[in-house]
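The exercises below concern contacts between chains and the relation between copies. Work through each task before reading its solution.

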There are 4 protein chains.
Amino acid sequence: MPGNTFGQMFRITTAGESHGPGNVVIVDGVPPGLPLSVDDLKPDLARRRPGQSKIVTQRNEADEPEILAGVFEGKTTGTSIAILIRNADQRSRDYADIKDKYRPGHADYTFDAKYGFRDYRGGGRSSARETTARVAAGAIAKKLLGTVGVKIVGYVKQVGELVADVPEPAAITLEQVESNIVRCPDANVAERMIELIERLRSERDSIGGVAELVATGVPAGWGEPVFDKLKADLGKAMFSLPAVLGVEYGAGFDVATLRGSENNDIFVPGNGEVQSPNIKTKTNRHGGMLGGISSGMPIVLRCAIKPTSSLPQDQPTVTRQGEVTTIATKGRHDPCLLPRFVPMGEAMVAMVLADHMLRQRAMLPV
Amino acid sequence: MPGNTFGQMFRITTAGESHGPGNVVIVDGVPPGLPLSVDDLKPDLARRRPGQSKIVTQRNEADEPEILAGVFEGKTTGTSIAILIRNADQRSRDYADIKDKYRPGHADYTFDAKYGFRDYRGGGRSSARETTARVAAGAIAKKLLGTVGVKIVGYVKQVGELVADVPEPAAITLEQVESNIVRCPDANVAERMIELIERLRSERDSIGGVAELVATGVPAGWGEPVFDKLKADLGKAMFSLPAVLGVEYGAGFDVATLRGSENNDIFVPGNGEVQSPNIKTKTNRHGGMLGGISSGMPIVLRCAIKPTSSLPQDQPTVTRQGEVTTIATKGRHDPCLLPRFVPMGEAMVAMVLADHMLRQRAMLPV
Amino acid sequence: MPGNTFGQMFRITTAGESHGPGNVVIVDGVPPGLPLSVDDLKPDLARRRPGQSKIVTQRNEADEPEILAGVFEGKTTGTSIAILIRNADQRSRDYADIKDKYRPGHADYTFDAKYGFRDYRGGGRSSARETTARVAAGAIAKKLLGTVGVKIVGYVKQVGELVADVPEPAAITLEQVESNIVRCPDANVAERMIELIERLRSERDSIGGVAELVATGVPAGWGEPVFDKLKADLGKAMFSLPAVLGVEYGAGFDVATLRGSENNDIFVPGNGEVQSPNIKTKTNRHGGMLGGISSGMPIVLRCAIKPTSSLPQDQPTVTRQGEVTTIATKGRHDPCLLPRFVPMGEAMVAMVLADHMLRQRAMLPV
Amino acid sequence: MPGNTFGQMFRITTAGESHGPGNVVIVDGVPPGLPLSVDDLKPDLARRRPGQSKIVTQRNEADEPEILAGVFEGKTTGTSIAILIRNADQRSRDYADIKDKYRPGHADYTFDAKYGFRDYRGGGRSSARETTARVAAGAIAKKLLGTVGVKIVGYVKQVGELVADVPEPAAITLEQVESNIVRCPDANVAERMIELIERLRSERDSIGGVAELVATGVPAGWGEPVFDKLKADLGKAMFSLPAVLGVEYGAGFDVATLRGSENNDIFVPGNGEVQSPNIKTKTNRHGGMLGGISSGMPIVLRCAIKPTSSLPQDQPTVTRQGEVTTIATKGRHDPCLLPRFVPMGEAMVAMVLADHMLRQRAMLPV
């Protein structure tokens with residue numbers, strides 16, 4: 001069953017492996033008339049790019065996008081948009097190790113179990129390289145959302161035990177996030193995160209963390225009440241990204257210990273900044289969605305990201321034949337996935353919201 | 001955009017409100033020849049039913065399912081199955097309060113913002129009553145999965161600060177879960193959970209918690225590597241249930257503080273109990289999925305459930321017109337959603353797994 | 001793979017057999033606020049109903065619809081609508097013949113080949129009884145289309161060699177169609193059609209024909225340019241109905257012998273009755289669609305319907321075991337399917353157009 | 001609403017315009033292990049290619065496919081396959097005429113009505129150039145079907161009044177079809193068709209025709225009984241191709257004048273060449289499908305193709321502003337679409353059958 005398509009109205013379909021010719025995305029459902037060029041795609045691709053700083057993988061990828069279809073005279077035509085990002089760093093390596101041994105924490109074994117064989121060059125289709133296609137498409141979603149005032153900002157909330165202090169998530173700007181290489185808006189903690197990541201790299205190890213994503217300007221009324229709740233589609237979106245082991249909204253797992261009288265966000269009259277009916281909630285423990293439908297409050301979610309599985313140190317494992325052995329990754333990997341996760345997470349949030357924006361257009365009352 | 005359908009191959013479509021004639025589910029994609037009768041549906045419906053114990057809502061619903069189509073001479077025909085569960089407790093009440101006031105934590109306001117008006121009788125389509133349809137369909141999914149040895153068991157892991165000790169999730173049986181009314185397999189903690197919930201009810205309040213769900217017998221190879229990762233589809237499934245604010249797999253949010261060398265689950269030779277290649281992992285921090293594909297290890301996930309929003313005490317809120325007022329719920333509600341959540345959660349897990357079981361059938365190598 | 005769902009935005013899912021408890025349809029994607037009651041469904045169900053006249057099957061079905069969900073205080077809520085039509089004429093018969101013998105022209109053999117067994121009572125899921133669900137849903141689609149001025153009228157164009165003279169398809173009214181029991185707007189030919197059908201019945205035989213369907217008021221711009229061309233979705237819709245062996249638009253198969261200079265419909269200025277740009281075509285050989293997108297001209301299509309396969313005369317066939325035998329249908333069947341096909345055809349046209357109406361809402365320029 | 005995706009299990013998504021950088025197709029759902037290289041794609045692309053003979057358009061396109069993803073060491077991996085076919089003949093022309101005038105029979109006007117503007121260079125997305133993507137994907141579907149013995153052959157049945165004599169459609173071979181440039185297996189009629197087309201070209205006109213498509217080796221049991229009938233999905237597939245105004249199966253429109261006793265295909269014991277139950281029909285007026293499900297007999301369908309709308313002679317039309325004018329196409333167009341339609345039609349038939357082959361895999365009895 002095809003699993004390479006995401007979304008209903010704003011819908012992307014992707015293909016591509018880490019060491020094949022390139023990654024492709026077809027973006028369908030973009031309304032006509034949206035100004036678009038490759039320059040709109042480049043900033044987020046650069047934020048996702050390997051080699052962008054000393055704390056990420058040093059693999060070299062230019063990530064130059066080419067728009068193959070769907071744009072005419074600088075505007076979307078309303079038909080499908082295709083974007084190709086060729087793989088630059090496609091050099092031949094010695095994959096003998098990976099071919100016959102299962103890397104812990106990777107999809108090597110599960111691919112073999114599923115398909116009978118796999119493209120063993122650097123992960124093939126299961127490589128995070130496929131997220132270039134998502135990030136490019138997400139940039140289009142962001143642009144579409146921008147026409148109705150929706151903004152999405154993501155940042156690193158936690159690395160290891162280091163937790164950023166972000167009292168007002170909805171106030172964080174892209175500039176704050178991009179002011180340091182770890183993408184944490186709390187400057188003091190950011191510095192310590194960078195040190196920690198550098199230390200982990202020198203120790204040939206890796207570390208996990210938490211990313212927080214915030215969408216502001218979403219009007220009340222997006223999302224469907226049963227299966228396609230906004231929180232359900234966002235949940236699928238985030239869990240479809242590599243290494244995400246947990247997702248929570250608003251108060252998240254803390255609700256387990258709360259009483260209803262503590263947890264309920266009280267409705268109060270709005271101050272004119274929100275849509276009619278001019279109502280908002282005093283607090284935002286609900287994370288911007290009630291009954292799966294946006295409430296007009298900022299959408300706030302967090303993703304738990306596991307530490308990179310690939311390690312340049314010997315780890316025990318088995319071969320395809322089930323024999324005990326060890327493996328050490330020779331490739332250049334991220335000691336912490338968080339800094340490069342931010343644009344990926346933003347892209348997924350943007351696509352879910354763009355999808356529900358268009359869906360809501362169609363369901364306006366007769 | 002229609003949002004009342006879930007799944008690709010094993011696919012359900014539902015309709016129904018809390019105070020309309022009833023709830024309907026059409027289950028599509030069930031292969032022919034599966035023995036099925038209403039008796040297969042009743043046990044899980046009884047586990048979800050209001051009024052089943054002293055710690056759940058005392059609303060009275062018989063929840064008698066009728067199979068309208070898709071079964072012939074005791075077996076599924078391969079065509080669509082329809083199940084109707086009529087609402088018994090459909091009596092006329094005084095909904096004046098709910099009609100004009102927004103209940104905190106409910107979808108009242110977001111429905112009005114989305115649709116322009118709403119069925120204000122007890123929540124309408126956003127009532128958890130729609131989950132009867134899911135639980136009925138889930139029972140069919142469980143039966144289908146049973147033909148290949150997959151079992152799903154859910155239980156209450158945490159209520160408030162009370163956390164059950166469950167050292168081996170995959171060993172928990174349905175009998176253990178059903179041995180007490182709170183559905184917690186740790187008998188000592190279960191007793192204290194029941195006391196806590198009773199106390200909360202007497203204090204006109206409610207409490208949140210965490211449910212854990214485990215699927216055993218899933219062979220390695222189910223799930224798709226990119227958007228339709230098993231963890232992504234399970235994530236959507238769980239977040240599509242009311243009151244779920246967080247979902248995590250395996251080590252979950254704890255991965256944020258782990259190093260790669262601590263977190264990686266090491267592959268070891270299997271002991272013959274797993275499929276060829278006879279390989280398993282020593283630990284299961286990955287929760288049974290790698291790269292979005294089942295690894296053959298037990299699938300373990302947890303859901304954070306918020307405390308019931310409806311409270312029989314005065315809470316501040318606003319009217320549709322934006323005027324400040326108070327509201328106290330008069331209906332009979334659950335002081336804790338967890339005990340009745342368990343069969344709902346199991347149903348959603350079952351449907352996702354049944355879907356991917358069928359999807360994998362189609363993708364076997366040529 | 002589920003095949004019981006039709007449409008993207010306006011989407012129906014059905015279940016039901018000819019001799020089970022009933023037929024169900026869930027209609028998803030209807031915008032909120034559309035006035036709706038069972039009285040809106042009854043007229044078309046009555047036009048489809050067995051026993052409505054002397055020239056159709058005399059089977060007795062009341063076809064009383066019940067709305068189970070999705071309507072509140074007389075209006076659609078925006079959530080899924082469920083309709084149940086119970087089977088009245090569900091009496092036990094002697095199906096021994098059908099059980100073991102394959103009726104020519106029916107799905108008996110193909111069902112057995114596909115599913116390994118089948119519900120042999122009157123065709124089960126392959127009975128045209130499933131079209132009650134379509135007709136009920138089609139009535140909702142018609143009502144939705146009515147809000148933007150779209151009308152759909154179908155009629156019998158041909159029975160055997162008798163061809164109606166309908167110089168201006170777009171001018172035919174429902175009243176003209178319903179003025180006689182064969183549903184042919186050419187009164188003279190209608191009379192001869194009725195005689196022919198009665199003669200065929202007395203001869204224990206059946207006859208085929210052609211239905212013509214016309215949609216007026218469709219604005220230019222509905223339909224998608226590639227796979228979801230309006231003509232493609234209409235084609236699927238019509239061929240999904242039982243007994244349809246051919247579909248054609250506008251000039252249809254006659255285009256095979258035309259030159260481009262003869263066939264092209266010339267654009268001319270509109271007379272104010274069409275939308276801006278105020279343009280129409282002088283002729284309508286294109287049947288109201290160009291490049292798969294509606295042109296603002298009437299949509300005109302024709303379906304070739306085969307003669308009823310069930311015949312109350314001995315026909316040679318084989319048993320499940322492959323032995324030669326004969327079979328004569330004992331049930332009460334239509335000597336000509338055309339009169340009852342008209343509301344089915346209209347329903348399918350209506351659902352495709354309602355779907356594309358909603359799709360176009362979402363794709364309006366930014 | 002996205003309309004650039006076709007199929008459920010075997011699913012393609014396309015993008016591309018006639019004068020943009022190229023056309024792309026992502027093929028999803030191909031099982032792993034199918035041998036595949038660009039050489040598998042080239043033969044059908046060559047059959048579709050402009051400039052292949054004196055009776056087709058003389059536009060120059062190399063149509064060289066590049067496989068960007070989904071193939072590893074010569075075999076499909078089970079993940080999505082991407083193919084890019086760059087446009088070679090992308091030179092700048094004078095499109096002033098097309099930009100402001102509506103070509104009769106083309107989508108120029110309907111695109112403007114739908115999208116507000118359009119890519120006016122040679123039709124943009126509505127150009128038949130998009131069918132390169134379909135033909136490339138169709139070649140993969142053919143290869144997949146070949147693994148279970150299914151073959152698809154199409155040919156030209158009629159051009160203008162010239163009708164080929166093809167007594168046994170299922171016996172026609174690719175070699176016969178390719179033995180002449182008009183792709184008609186009746187050599188005598190083929191010669192006259194070629195003369196006719198050449199004459200039409202010299203007269204600056206065009207001519208319509210009928211293509212016949214035959215699939216052999218399809219086992220009984222493919223297709224779904226209600227909406228996704230094989231004839232419905234094939235119907236959508238064929239009508240999604242440009243210029244198709246009619247589709248019919250088996251006896252087609254001739255059924256209108258037949259009696260049931262004449263039209264029914266009688267079941268008889270098979271001769272061992274068909275599957276168990278060893279049954280076939282004596283005749284094949286039903287075109288290989290009963291109740292929407294394949295019967296094991298050859299699938300036979302015909303498409304009516306309109307004469308090319310673009311003519312190198314003055315035709316009256318209007319401008320975007322509604323002013324009367326004339327237009328003559330300057331580009332190089334086909335005087336008859338039929339010869340190049342054959343591979344397009346085969347590709348669509350192949351994709352529908354591949355889709356239902358995979359769907360049936362998933363629905364085998366438990």
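**Exercise 1.** How many salt bridges are there between chain B and chain A?

*Solution.* This is a predicted model, in which local features need pLDDT of at least 70, side-chain atom pairs count only at pLDDT 80 or more, and totals for chains, interfaces and linings use all residues. Residues are numbered from 1 along each chain as written, chains are lettered from A in the order in which they are written, and side-chain values use heavy atoms, without hydrogens and water.

Apply the criterion: a side-chain nitrogen of Lys or Arg within 4 Å of a carboxyl oxygen of Asp or Glu. The count between chain B and chain A is ten. One of them joins Asp205(A) to Arg259(B), with the closest N and O atoms 3.5 Å apart. By residue class, the side of chain B that touches chain A holds 53 nonpolar, 37 polar (Gly among them) and 23 charged residues (Asp, Glu, Lys and Arg).

**Exercise 2.** State the extent of the contact between chain B and chain A.

*Solution.* Count residues with heavy atoms within 4.5 Å: 113 of chain B meet 113 of chain A. Next, take the accessible area (1.4 Å probe) lost on being put together, summed over both parts. The two chains bury about 8700 Å², 62% of it on carbon and sulfur atoms.
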